[in-house]
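I opened the model to look up a few points of its architecture, and I set down here what I read off, entry by entry.

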Amino acid sequence: MLLAGVLAPFVLAVFAPTVKRVAGPATGWLLALLPAALTVYFAQFIGTVSSGGTITFSTPWVSDLSIHLSFYVDGLSLLFALLISGIGTFIVLYAATYLAKHADLGRFLMFILMFMGSMLGLVLADNVVTLFVFWELTSITSFLLIGFNHASPRSRRAALQALVVTGGGGLALLAGLLLMAQAGGSMELSTLLQSGDLLRDHPHYLAILILVLMGAFTKSAQAPFHFWLPNAMEAPTPVSAYLHSATMVKAGVYLLARVNPGLGGTEIWQTVLVAFGAVTFLIGAVLAIRNTDLKLMLAQTTVASLGLLVFLIGLGEEVALEAAMAYLFAHSLFKGALFMAAGSVDHGTGTREITRLSGLGKAMPITFAAAALAAVSMSGLPPFIGFIAKEWVYKATMGDFWPLAITGVAILGNALMFAVALLVGFKPFLGRQSETPKHPHEGGPGLWLGPVTLAALGLLAGLFNGLSGGLLVGPAVWAVAGEQVSVDLYLWGGFKTPLFLSLATIALGIVLLWRSRAISSTLAATFDRMWGPDRGYDQFLDLLIGTARTVTARLQTGTLRHYLLVTMLIVAAVLLLPVAQMGDLDITFRIPATDFYIFGIAALALAGGFSIAVFRSRLIAILSMGVLGVAVALVFLLFSAPDLAFTQLMVETLSVVILALVIARLPIYRSDWRGWPRAVRDSIIAGAVGVGFTLLLLSITSRTLDLALSEYFAARSYTEAYGRNIVNVILVDFRALDTFGEIAVVVIAGVAVLSLLAMGGRSLAGAGRAPDSAPDSAPDSAVTGKETS
Amino acid sequence: MFDGSGFEGAGWLVVWPVLIPLLGAALAAAAWGRERTQATISIVVLGAQFISAAVLFDHVWSHGVVAMSMGGWPAPFGIALAADPFGAFLTVVGSLVALAVVAHSLGATDAEHRRAGFFPLILALMAGVAGAFLTSDIFNLYVWFEVTLISSFGLIVLGGRREQIDGAVKYAFLNLIATTLLLIAIGLLYGLTGTLNMADLSGAVAALPQDSTLETVGLLFLVSLGMKAALFPLYFWLPAAYHTPLPTVSAIFAALLTKVGVYALIRVFMVVFPDSAHLAREAMIWVAVATMVLGALGALAESDIRRFVSFTVVSGVGVMVGGLAIGTEAAFLGTIFYIVHSIIVSAALFIAAGMIASAGNATRIEDLAGLYKRAPYLSVAFLIVGLSLAGVPPLAGFWPKVYLVQAGLEAGSTILVVGILLSGFLTLLAVGRAFALIFWRAAPEDAPTPPAPEFGNLVKGSLGALAALTFLIGLYSAPVVKASTRAAADLLAPDAYIEAVLGAPRAVTASDDPVLGKEVTE
Amino acid sequence: MNSLILKTATPFLVGLTVLFSIYVLLRGHNVPGGGFIGGLIGASAFATYTINEGVAATRRAMVFHPVSIAGVGLFIAGLSGVASLLFGDAFMTGQWWFPSFAPDLKYLSTVVLFDIGVYLVVVGAIVAIIIGLEEST
């Protein structure tokens, strides 16, 4: 059943375009039925999970590596699954209305549903490989969704950037997960995480940690990888609301929470997570107030929230984990609502620029209500779940272990978030109505149902904190902590430090809100000229592609001479280095002194070879090759192989005929002289190869040759193969298969020559010199999408 | 005249996948000038080759290695063909993909090219490939290399454009050097051992002193076969030639030629040099990693769509040989799976590249745009195949990478793990970039909009089939994993292969040989 | 080629050479000779003919397209190996016919048939190349 739950969105995705074609305006409502049903399906597990139980499902997938398609529902995965399917329901509805007029809506919904399935698979996976498969699927579907407006270069750049950053991190994660599975002796997370000490004490712990963190940090946009997330806002708003706030970017956080029982708790874990989380938190919060585009502001606060979550998981104490899960829950609700509301504003007015928006409250009352509720939750005011989460954050930062600085970071970050929340939630709706590109209007129920529901849930979750704490946040904390702890969320904790810190946050936040215009423009003036990782990404890509081009052009020069040079150098090295290194040359040199013909033949062959190398005319070279061939034929004759000698002579004769015909087609250069420096260099290499082969041959001929094969053939040639000519019997009987292959070569050679001639082949001159790699020297702006179109 | 075991009817199974296409090539050559007859012959013959390979594989799977000694002269004196799970598996996949590619060519290649020897050359090529996969005789292996070399040379020049001639000259020169080096290496090995049968060589080489001579011979095999397989730094010929011929020809080359080289490397180093040629083995991992990374860099650098694909083929060779260099069972499992995956994906990519070039009327990635709208079918297929190439789950290319990374981690070979992940990253970037530019980018508005490309059913269907194959293998990899596991296990325990080929270990000297001994005494 | 003597002598010379090549082919199993050498001699005969009489004349003299001849040769060679299937032997196992009237004639066999295939391949392929080159100059 769990498997069916994960696969169902994929199946429906395939049919989404068809449904769209058939159902028309009802598409959203129809398709939303599935995530709604999934939400109900997952909700029924709440009872089991909140009483400490788990639900598992496993089926062999690739049995040989113990890769199972196994799923596992505990508090953490259930919380995520509910958020994914629940928010997903509204996203499908929202998208169908938001993009109602878009020609490719069916395709869009297909990608959204595929993403939903991937995300469900990711959070429910028990097997590390299963987890990774779904992890990468979220990257791919995200690539397709961000690039949905594919005609825009900015969209393409953002899509590729997200793919490069998260895909690259994913590869590190793969190594990390496999290494972890190896260290812990299991592929199943549920088993692995029970043996946390085994992992933490393993010699590969550091490597595992670094690799897993690379995966998690890139996915969850932790500094310095935070730049891709705001760029991903190029995607249509439903994508931003779903992937880049509530779900996908939390996959990294999910992973950290998931492996916390196995890898967490060490000093390095705490230091790295707290440091990166805190920095990301501040960067996100500062960049949020710097921006004036609603979506970008929200995107930067998402970066900040992700930083906060990583920071909290890094702290690792029980109360910190409670804060993390409570905040994660709260964030998904208010951020989803705010993104959808921002999209509705964009949809209704035609702009997202906050400076141009005001007084929309009258025209868009429902959107206003949703945005306001969500913003209050985000700002951390009671009685919303956001308030509780923030209180817990302060409780967590006040542990004995962590210095005051951490609390300071939290106050500053939260104050910034407070200001941005109220800016986004109220500024566009209050005051005098502004001029906007479109006449502001409220969209259909598909547009407001989601934000209203999510925002209201934020309120309800805060009011009924016993239920949200006991049923959802609590069990999630158990899973992260690796043990059952009692979780009791409450709104009123008495006049204690967290409350005072909250008050301080609000005070600071109000100041920031009051001066937000000035802060924003000051920050913009500072940051826009500064180098940032986003520019660094471009530089990295340019450098990478530039290097690739340089290296490729250097290796693949297009000159046959160069290729031959390298090849011969390698051959020379291979022939001479082993013997030079091992120094075990053992040669007994036997001179057949009685046989003087052999010296004559050798001299003839040498003369032929020498004149090929020395004389500069092609004609002489061809004739010299003939001389060499004749010498070889004589060798055959001398060693009583008249067949071979005869064949060799015939081949030489026909070669001359064919070469004579070919030569008529070749422009005869007077010479191919390469100049002295090259000639000397080439002679040295050729000499080295020659010496190498000679030494090798001498070394081998110094041993006794095992003649079993030739003796076998000689003994059987007449008695069993009925032929006295052993050479012929070898050719047509003993090794007839070789001959069969070789005559096939002869036929093919004939066909190949005819093909060459029939199709043209007018001139062979200059062949082998054309460049055969075509890298451009100019940087390729199309890669990064910098070109304006 | 031979009544020994293993040579009865089943032995013929190993002959057919080689003989059928060779006879087909003969018939196609005999039907010179009759292009329709040749086309019919080709499809029937390739279909028959696939069926015969499948039957062979099935038999090998249930009954173990099938071997037959040609002419009834027992190995090592006669030439034995032998199929173990590894060779049979590759023969099946290779002939299946060849069938798809040739079906594609019926729709995509014009009649003029097809008349000029296309079919006999393709069939001879397939005979050479199957021969190389199924022979157990190292000189016979050389013969099949020659068959593939000459037929592939003929296929490259088919068309006679200037750049083809240029590519063909580089291809022919460098490959002739490679085969010549191979021949020399075989000759030297024969001089050392007095035998040519690989199973027989296994024992004979083990008995040799581990000196520099043997090391050099081992390195010569690495150089010559590595050149055939397109390993760094001797892969020049591949990017120099693969972008020039007809797209279908490139497809079949990319699918099979380098794999024959990789196959031979594995066979030679696992059967002939299982415990020697240490220098070659040490060099192998570095060479493999350099190949996979530089190949991927080349793909990133190239702006011509077909050169881009050529370099991805090079990169894949590095991955395969990386597994051989590690040499554990998990590594071979990954390597064999990767070979199968790469056969499918390389063919599909070249087919897709040809379709992209004809749909967009350009070959440079910079000049191509707007195909997402104009050829949606092609864009889906390209994305699936490209992502599979980059090793993105759940496509087929993902699994071998998991196995290889795991094998690398187990063996403590950080360099292999880094190489595989890095080349995967570069390939992902290159594929994503190509997709964004070719498909997503809108065509310039001032350019005239060419009509939507019309591809025939054979053209689309063959690409679709290959894309579907890599997709389905990704979702349900169990059969390929099972076959690869079996093949890997048998590679590491070559005794069954050796025994099946030799029947019994060869008599060491002539006087121990019953027949020969008798002759001598008479 | 303008030599009158050569022109007149060519047909005889060529016919003689072809006959000689077949003789070399057929005797090859027991004394130096065989399909390869025979084929090379035959091909050289046709080469001479082509150079003297032109491509068209050679085409007429050969009746079939040289590539077809080579293809048929390859096919014959292959089939000669399959014959052993009928007798339950391995591929390319020589099948011999010792006629009762001439029991010492150890000659009629698939092995010799294979050699004939080799001969045809060599003649066909080389003539194809020479004709192709001659035609395209």
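For chain A I count 33 helices and two strands, where helices (H or I, at least four residues) and strands (E, at least two) are DSSP runs numbered from the N terminus. I keep in mind that this is a predicted model, in which local features need pLDDT of at least 70 and side-chain atom pairs count only at pLDDT 80 or more, while totals for chains, interfaces and linings use all residues. Residues are numbered from 1 along each chain as its sequence is written, and chains are lettered from A and ligands numbered from 1 in the order in which they are written.

How spread out is chain A? Its radius of gyration (taken over C-alpha atoms) is 38 Å, well over the 28 Å that the globule rule gives for 789 residues, so chain A is more spread out than a compact globule; the rule itself is 2.2 Å times the number of residues to the power 0.38. The C-alpha trace of chain A spans about 115 × 55 × 55 Å along its principal axes. I also noted that 53% of the 789 residues of chain A count as buried, the cut-offs being 20 or more other C-beta atoms within 10 Å of a residue's own, with C-beta atoms placed from the backbone.

Next I looked at where chains A and B meet through helices. Helix H24 (residues 533-555) of chain A and helix H11 (residues 278-301) of chain B pack at an angle of about 110°, with their axes 8 Å apart; axes are lines fitted to C-alpha atoms, for helices over the stretch in contact, and angles run from 0 to 180 degrees between N-to-C directions. H24(A) and H11(B) are therefore roughly perpendicular, a term for angles of 65 to 115 degrees. On the H24(A) side the contact includes Ile545(A), Arg549(A) and Leu555(A), and on the H11(B) side Leu294(B) and Gly298(B) are among the residues that take part, contact meaning C-beta atoms, placed from the backbone, within 7 Å.

Last, I turned to Ile37(C), which sits in helix H2 (residues 35-53) of chain C. Is Ile37(C) buried or exposed? Ile37(C) counts as buried because it has 26 C-beta neighbours inside 10 Å. Leaving aside neighbours within four places in sequence, I find Ile37(C) in contact with Asp643(A), Phe646(A), Thr647(A), Met650(A) and Val24(C). The C-alpha atoms of Ile37(C) and Val118(C), 81 residues apart along the chain, are separated by 9.6 Å.

Conventions: Buried ≥ 20, exposed ≤ 12 C-beta atoms within 10 Å, placed from the backbone. Contact = placed C-beta atoms within 7 Å. Parallel < 35°, antiparallel > 145°, perpendicular 65-115°, else oblique.
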